[in-house]
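Here is a short briefing on one protein model. Read it with the sequence and the coordinates open.

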Amino acid sequence: MTTKTTQLIMQNHQILWKPTGAVAPKKIGRLVCSFLDTATTSMGRATHYNTREEQQAAEIAAHNNLSKASRDLYTVLLALPGVTDRSMGLGLKTLLSSTRYGKDDEFLDASKERAVLYHLIQAMPPHRMLKLVDAFRVGDEDMGLKKANNARTRKLILRTLLSSPRLQLWSVKYRSKMKKALNHAWGRSLTTVIREIIAKTPSKRTTKEINILKRNIGTFCKNNKYFGQACECVGFTLGVQKRLKLPMLKAFVAAKKDITKAKNTGLPMEVLEGIRSTFHPDVTHADVLELSKNTMTATQKKNVQRSAQKAGVKVDMDPKHYNPVDLYLYAFAMGMTEEIAEALDSKAKKLAAGFPAHYGNVAIIVDASASMAGDVTQPLHPMACALAMRDMLQYVGDEATVLYVGGDSKGNLVSPMGDTALADSLVEALSENVIPDAVFVISDGYENTPAGRFAEVVKEVRDIGIDTSIYHLNPVFAAETKGCRELAPQQVNTLPVKSPEGLGTTIIRGLVDSDPLRGINALVKLALIAGPVELKTLTKA
């Protein structure tokens, strides 16, 4: 870590957290590094070198080790920028299925922990959030976690669902999942009672029945206006489809008789496809695309491009609405366009502006070998991550040199292939007329021509007095190392990072090795700032 970078990050180094008991800062530092390696890179899937089971076992161990050493630290670090949805979900399961012993922890109380839990579950995409909620109901064998059915979990589910401005959409798009979630939160008996009350004409509901609705639905709504809407959505989810007032719910019922009634109503394409296949077999997929193209989400517009082209339906897609990794994955599948290239360049400049250091000259070594193709369950994801980071890093210096190891280049798009000979590129980067201020190596850490040569070159470079900072950015979690594979242990910082947005977290993580307590507290402060409002006051302590 360069002195300039360290000063920028550590200029305000409040000590907000300290280890309790006899736990040494260095030990906590190791656990934090292992956790961050997992939390920012692991997807719980197989990679080129590791099976799904190996990845998941190492992932669980990293989470469990930190949560047992310090529940509060574990809780707060889950809110760091760059933590994956999967890791947030695993963190929620871990915290909700275990008991909090408040007085033994360092700086959170039960209310602040609840605030973090709510912040995390809100940050997840709805389909993943609902899948997580179902895991609370049945447990998760893959994660070795028991089901969570305590009061904290039930309140979290109800608050997340019933206070959401997207409740109407979720009620039509995820009806079965929503029904399971409500049954889990209320129990089957109470859910049946609530359904029967909502099915009644409002004027015929007794005072007791109205109070049941207010206690179990109104408590979790923002105000009385949302209470009525929430009751209608709950009823719809549970099968009450009469006296509907909300436009999307009315459109769902009307579309069963006349699917054209769904045009521009916001009904998701997936819902219309279900209605089409059940009630309108003569309606084509192209018709559904035409009906829903103006109200699709950005993700839907990206995902239907291939089928839309085949059907002859134009679905406009604005590259500005997608993150760089997703844009590269799309370009691999559909081809790079000038519009996508411009959006990628604009995003790279914006992300670079927030990088904690700026250099005169940088060299970027991109591993484009075969292993960067990833696994069949997530093809080309490591390569897409590498290219997105390459783009951003080109703007953290006044001048940038990019070198590729393996790969087949077609403009900015590089397809992975070949062996991994990183050492040769390092020699080339440091043999230029102007030695760079920093070298960034983006690689999964599997060097094979030959293994260990990169570390040898780094040692020789240091021996002759070249002290250029070298960073290894690794987008791939490796089960056998319980973190990310290192290219030159003790010589080069290996920093886990899945996307350019998470580089700030990753750079600060590099400080934990040299100064565990201050490095951890820099991470804590970043997490508190990025986290829920209830935690921001802690940064003023």
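N264 is found in the loop between α14 (247-255) and α15 (269-279). Helices (H or I, at least four residues) and strands (E, at least two) are DSSP runs, numbered from the N terminus. The model is predicted: local features need pLDDT of at least 70, side-chain atom pairs count only at pLDDT 80 or more, and totals for chains, interfaces and linings use all residues. Residues are numbered from 1 along each chain as its sequence is written, and side-chain values use heavy atoms, with hydrogens and water left out.

**Backbone and loops**

- N264 has a positive phi of about 60 degrees, although N264 is not a glycine.
- Most residues other than glycine have a negative phi.
- N264 is partly exposed, at a relative accessible area of 45%. Buried means under 20% relative accessible area, exposed over 50%, and partly exposed in between (1.4 Å probe, protein chains only).
- L380 also has a positive phi, near 65 degrees, and is a residue other than glycine.
- L380 sits in the loop between β1 (359-367) and α21 (381-393). With 23% relative accessibility, L380 counts as partly exposed.
- M317 belongs to the loop between α18 (305-311) and α19 (324-334). M317 counts as buried, at 14% relative accessibility.
- A distance of 9.9 Å separates the C-alpha atoms of M317 and N303, which are 14 residues apart along the chain.

**Helix α5**

- Helix α5 (residues 85-96) has 12 residues. From first C-alpha to last, α5 reaches 16 Å, close to the 16 Å expected at 1.5 Å a residue. The expected span is 1.5 Å times one less than the number of residues.
- 11 of the 12 residues of α5 are buried, so the helix is largely enclosed by the rest of the structure.
- Among these buried residues are D85, M88, L92, K93 and L96.

**Salt bridges**

- The count comes to 17 salt bridges. Each is a side-chain nitrogen of Lys or Arg within 4 Å of a carboxyl oxygen of Asp or Glu.
- D72 and R100 meet through their side chains in a salt bridge (3.0 Å, N to O). D72 lies in helix α4 (residues 71-77) and R100 in the loop between α5 and α6 (110-123), so the pair ties together parts that are 28 residues apart in sequence.
- Both D72 and R100 are buried.
- E290 forms a salt bridge with K293, and the closest N and O atoms are 2.9 Å apart. E290 is partly exposed, with a relative accessible area of 35%. K293 is partly exposed as well, at 21%.
- R453 and E456 form a salt bridge through their side chains (3.4 Å, N to O). Both lie in helix α23 (residues 453-463), three residues apart, about one turn of the helix.
- R453 counts as partly exposed at 36% relative accessibility, and E456 is partly exposed at 45%.
- Salt bridges that share partners join R71, D72, R100, E113 and R152 into one network.

**Surface charge**

- K179, R195, K242 and R243 gather in a patch of positive charge on the surface. Patches are made of residues with over 30% relative accessible area and no salt bridge; like charges are joined within 9 Å.
- Lys and Arg count as positive, while His and the chain ends are not counted. The place of a charge is taken as NZ of Lys or CZ of Arg.
- K179 lies in helix α10 (residues 175-186). K179 is partly exposed, with a relative accessible area of 39%.

Notes. Patches are made of residues with over 30% relative accessible area and no salt bridge: like charges are joined within 9 Å, nonpolar side chains (Val, Leu, Ile, Met, Phe, Trp, Tyr) within 5 Å. Accessible areas come from the Shrake-Rupley method with a 1.4 Å probe; for residues, only the protein chains shown count as cover.
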